[in-house]
Amino acid sequence: MKILLVEDDEPLALGLASSLQDAGLLVEIAGDGRTADFMISTERYDAVILDLGLPDGNGAQWLSGWREQGIELPILILTARERWSDKAAGFSAGADDYVTKPFETAEILFRLRALVRRAHGHAHPVIRVGDICLDTHSAQVTRAGMPVSLTAQELRLLSHLVHAAPRVVSRAELTEHVYDGDTEPDSNVIDVQVSRLRRKLGSQSIETLRGQGYRMVTDTSEES
Amino acid sequence: MLADRLRRLPIATRMLVSALVLVVLVLPAAGSLLSWNFREAVNTAFNERLESLLNVVIAGVSYDIHQDALVTNRQLGDSRFDRVFSGWYWQVRDDGQRVLTSRSLWDQRLAVSQEPDMAFRTIAGPRGKQLRLLERDIRLPNLNDVLHVQVAASLDEVDAQVARFQTLLWLSLATLGGLLIVLIGLQIRWGLAPLRRIEQSLKAVEQGRQPSVETDLPRELARLADATNTVLERDQRLMERGRTAAGNLAHALKTPVAVLGTLAERLPREQKAAMQAELKRLDEAIRHHLARASAAGPVTLGAEQKVTTVLAPVIEGVQRLAGRRGLVFQSDLQEGLQVRIDAQDLQEIVGNLLENAINWAKGCISLTGTVEGGWLVLSVSDDGPGMSPETREQALSRGGKLDETRSGSGLGLSIVTELAALHGGDLRLGESTLGGLHAEVVLPLTHLRSGR
């Protein structure tokens, strides 16, 4: 899951980003609205955390601008302003949820995961594809009821495939959502990780569609 | 007590009372004076007439030596002296048997005074009528005796004239008084019209039809209206500045607290818990006091607000939030609800209640707004776990926080309690038919009076 964090307070941005990274998320930081605007138009994110008090204009104004451009990204507002007149302005600008400062990282994670899940059309926190279950809140993966242990990167990869299921996910999309912008992986890395996932989850769990990408297999009842 | 009441007497009443005093006291006094003067004038004229009649009688009387009798050769020119008991009489007599009278006196005689000089006096004449009598003693050339010449006339005439005058006088004065009262009434209306205009203008401001008091008024009131507008603007500005300051302070304080929070998450478990507890206390203190500082409280000259309009942004936001969190939110506000309360305070009350409900609900929350006997009743229900009676009590107390793991819960309710109390209302908690908590805020529909 790749998140854009728009926050002008550097210590807070860095602290939150590292907490989110610890939880296995990819986080990029924008210090003001203009930078965020540029990053949103050039990169793909699963969700945005937006501080309402930005140095270059109110976050709600940037938000309504993005909504007017047709950007439907889930956006979580982070605000120090408690009053409902401020919150209501955020919602009418197109926010999906909010967390007030000070927050606990767990709460932001909870809200973010719920937003991303719902953006993919999953109402329930546990997404099931075939015999594989992903609990989006606890980030636990089970296969036929048995827990499977995954690395952070593997979990991100699987999580994206599971959220997108039964859609086919291209390599480019995986590169954008699962890997850090700085360390662009060659296609080999993805292949290696997919095959590692297959080893842990069953060889039939993920299928490769030549020239298109990968897809979670929804009926894997006859797996070894 | 009485002095207090007098000080608060409406201006129109004051003017009316003073006008009535004028009409009721001054007009009758003037009437009495006029009446007295008129009576004096009539009396003087009457006396002068008697005097001239006496002179005519004196000039006409003579002594007939052959008959040894008094005779007169003059007619007085007034037929009343010939009509019997008409009230107008004359008489000439000496101290003996010689006597001459007007025909009107018939067989009666007027008493003679012993005083030598001419004098007026009042006597009882024939048929018991009050007469004014003028008498003078004369001597005729060929008669030794003193003759007492008398002219008398009934006072009825004077009385009748005075009565006629008085009738006319009092009628005129009454008409004048009535006219004065009407004119004064009109004068009060016209004179106080600007005051009424400023009063209506204030009402328009109260009802939110006008942003400020009309200043197109007479000079004395225009200054007052200007002053009122200045105060209103200042009030508004101060409130806005206070809120902005509170918001900025919140931002300035909360960002570092949030940073500390993220740092605390990296500490060893025990230190982390202690640190987080302190940060929580800090956050609660900030929230609690900023919520109080941002509350406008009862407004003395605020516009009436349409509840549906004020709450529309909050409801829209909560609707969106509920949708994102997979909850069903039903809002049912009675149409046409009006309440005189600061818009942001009302948003804060309802927003906090809904926020609390959303944080606890499993599937649905609802908001209803009705009017019950002078109170606006706003109810928020959810299908969450609800609260035990003890927890409810705790939640209503200041800063009572119930669940440490969910942000916003508990403190929101105590903020609502304070806001409601600030507006003369109350927050009640109970069980909802949905299964969870039922929170009900009641606000008085008319809490205009200051000093609550």
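**Strands and their partners**

Guide: Strand β6 (residues 75–79) of chain A is joined by four bridges to β7(A), and the two run parallel. This is a predicted model, in which local features need pLDDT of at least 70 and side-chain atom pairs count only at pLDDT 80 or more, while totals for chains, interfaces and linings use all residues. Residues are numbered from 1 along each chain as its sequence is written, and chains are lettered from A and ligands numbered from 1 in the order in which they are written.

Visitor: What is the order of the strands in the open sheet of chain A?

Guide: Strands of a sheet pair through backbone hydrogen bonds, either parallel or antiparallel. Two strands pair if DSSP finds at least two bridges between them. Strands (E, at least two residues) and helices (H or I, at least four) are DSSP runs, numbered from the N terminus. In chain A, five strands form an open sheet in the order β2-β1-β3-β6-β7, with parallel pairing. Its edge strands, β2 (26–30) and β7 (97–100) of chain A, each pair on one side only. From one strand to the next, the twist averages 20 degrees. Within β7(A), Val99(A) is the bridge partner of Leu78(A).

Visitor: Which strands does helix α1 of chain A touch?

Guide: Residues are in contact if their C-beta atoms, placed from the backbone, lie within 7 Å. Axes are lines fitted to C-alpha atoms, for helices over the stretch in contact, and angles run from 0 to 180 degrees between N-to-C directions. Helix α1 (residues 10–22) of chain A packs on the sheet and touches β1 (2–6) and β2 of chain A, its direction making about 165 degrees with that of β2(A).

Visitor: At what angle do α4 of chain A and α6 of chain B cross?

Guide: The axes of helix α4 (residues 84–93) of chain A and helix α6 (residues 307–324) of chain B cross at roughly 55 degrees and come within 8 Å. Angles under 35 degrees count as roughly parallel, over 145 as roughly antiparallel, 65 to 115 as roughly perpendicular and the rest as oblique; α4(A) and α6(B) are therefore oblique to each other. The contact includes Trp84(A) and Phe91(A) of α4(A), and Pro313(B) and Arg320(B) of α6(B).

Visitor: How many residues of chain B are in contact with chain A?

Guide: On chain B, 33 residues are in contact with 30 residues of chain A. Helix α4(B) gives the most to this side of chain B, with eleven residues.

Visitor: Where is the cis peptide bond, and which residues of chain B have a positive phi?

Guide: Most residues other than glycine have a negative phi, and most peptide bonds are trans. A cis peptide bond joins Lys101(A) and Pro102(A), with omega about -5 degrees. Pro102(A) lies in the loop between β7 and α5 (105–119) of chain A. In chain B, Asp68(B) has a positive phi near 55 degrees, and Arg127(B) has a positive phi near 60 degrees. Asp68(B) is in the loop between β1 (61–64) and β2 (69–72) of chain B, whereas Arg127(B) is in the loop between β5 (119–124) and β6 (130–139) of chain B.

Visitor: Is Asp68(B) buried or exposed?

Guide: A residue is buried if 20 or more other C-beta atoms lie within 10 Å of its own, exposed if 12 or fewer, and partly exposed in between, with C-beta atoms placed from the backbone. Asp68(B) is exposed because it has 10 other C-beta atoms within 10 Å. Arg127(B), with 9 such atoms within 10 Å, is exposed.

Methods
Two residues are in contact if their C-beta atoms, placed from the backbone, lie within 7 Å.
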